[in-house]
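The tour below moves from one selection to the next and describes what is found at each stop.

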Amino acid sequence: MRLLLICIACMFTDFALADPVVEIESRGQKVRAVLLKPANPKGAVILLAGGDGRLDITPDGEITRLRFNQLVRTRALYERSGYVTLVPDIAPGFKVGAAGVVDLYRASRAFAQDIGAMVKYLRGITPRPIVAVGTSRGSLSVANAVAKLTGDGNQRPDAAVLTSAFLNVGASAPGLTIWKIASGNAQALDVPTMLAWHVADTCPYTSAATVSAFRTWYQGSGRKLMEKSFSGGRPAESEPCEAFAPHGFYGLDPEVAGAITGFVAGL
């Protein structure tokens, strides 16, 4: 196991280095985030990690938790493609103790407001588009922001990207899902949307088998869904719902980032 961890760390050497950090005002709190800025930005992406979303970014920009989450570990690829890249922690008020989080915070209006503050901040740096990208449980955060930030176009993301997403359609689906966040109304997600998944994802919450029903529901609103499926990559070295498995597009980082930046470029 020690050798495996050393090898994984070698694959992602960028993450031993601290990144520039900013603190964004929201609801009387400061949300800390890593901010990468290319010289001539084409737009911006907000990369919302899966898991519990708690990154515990230090004041000097070191990400101490969820460093290998698929979006967190690929942040430099988005900057290199010309996009301002924001990787946010969660607000201090959502943190519980040394390692916990508030239950269901991803579906709260408060968290949507935090993402709205991030969008507004980025609009001061670069022109549209400002795109919210979420993987795994981070997809819930993206859907929540789009569904709730309807009154201010300056704070609502211009588009959404959902990868390895919690899609399950229907009131009987277990746990929190994008369908539930939208209250069963696909019109609540009325921004250009990209869906990406791995055909071999066996995480029970994000299985590729959930895509078909989601597609039918979403496109029933008359909106087109941009879709990209992936296959292959490296053999899994983690549990099915973790970062080094098909769920985390293990071995496919450049391809996934390239597909997402291609979608953003076409907006």
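Select strands β3 and β7: the two run parallel and are joined by five bridges. Strands here are DSSP runs of type E with at least two residues, helices are runs of H or I with at least four, and both are numbered from the N terminus. Two strands count as paired if DSSP finds at least two bridges between them. Within this pair, Leu48 stands opposite Gly134 in β7.

This is a predicted model, in which local features need pLDDT of at least 70 and side-chain atom pairs count only at pLDDT 80 or more, whereas totals for chains, interfaces and linings use all residues. Residues are numbered from 1 along each chain as its sequence is written, and side-chain values use heavy atoms, with hydrogens and water left out.

Now display the side chains of β3. Gly43, Val45 and Leu47 point one way, while Ala44, Ile46 and Leu48 point the other way. In a regular strand the side chains alternate between the two faces of the sheet. Six of the six residues of β3 are buried, so the strand is largely enclosed by the rest of the structure. Buried means under 20% relative accessible area, exposed over 50%, and partly exposed in between, with a 1.4 Å probe and protein chains only.

Next, select β2 (residues 29–36) and β4 (residues 83–88), which pair in the antiparallel sense over four bridges. The bridge partner of Leu36 in β4 is Thr85.

**Ala33 in strand β2**

Which strand holds Ala33? Ala33 lies in β2, and it is buried, with a relative accessible area of 1%. Leaving aside residues up to four places away in sequence, Ala33 touches Pro20, Val21, Val22, Ile57, Leu86, Val87, Pro88 and Asp89. Contact means heavy atoms within 4.5 Å. A distance label between the C-alpha atoms of Ala33 and Asp56 gives 9.5 Å, for residues 23 apart along the chain.

Is Gln113 buried or partly exposed? Gln113 is partly exposed, with a relative accessible area of 36%. Its contacts, not counting residues up to four places away in sequence, are Ser26, Arg27, Leu149 and Gln155.

**Helix α5**

Move to α5 (residues 138–148), where ten of the eleven residues are buried. What covers the buried residues of α5? The cover includes β3 (43–48), α4 (109–123), β7 (130–135), β8 (159–163) and α6 (178–181).

**The nonpolar cores**

A nonpolar core is a set of buried Ala, Val, Leu, Ile, Met, Phe, Trp, Tyr and Cys residues joined through side-chain atoms within 4.5 Å. The largest has 50 residues, and those with the most contacts inside it are Leu86, Ile178, Leu189, Leu195 and Phe214. Helix α4 gives the most to this core, with seven residues. Apart from it lies another core, of 28 residues, among them Leu36, Ala49, Val131 and Phe230.

Select Ile178 to see its surroundings. Among the residues that Ile178 touches are Ser139, Leu140 and Ala143, as well as Leu189 and Phe214.

**The chain as a whole**

Finally, clear the selection and view the entire chain, which has eight helices and ten strands. Of its 267 residues, 53% count as buried. The C-alpha atoms fill a box of roughly 45 × 40 × 40 Å, taken along the principal axes.
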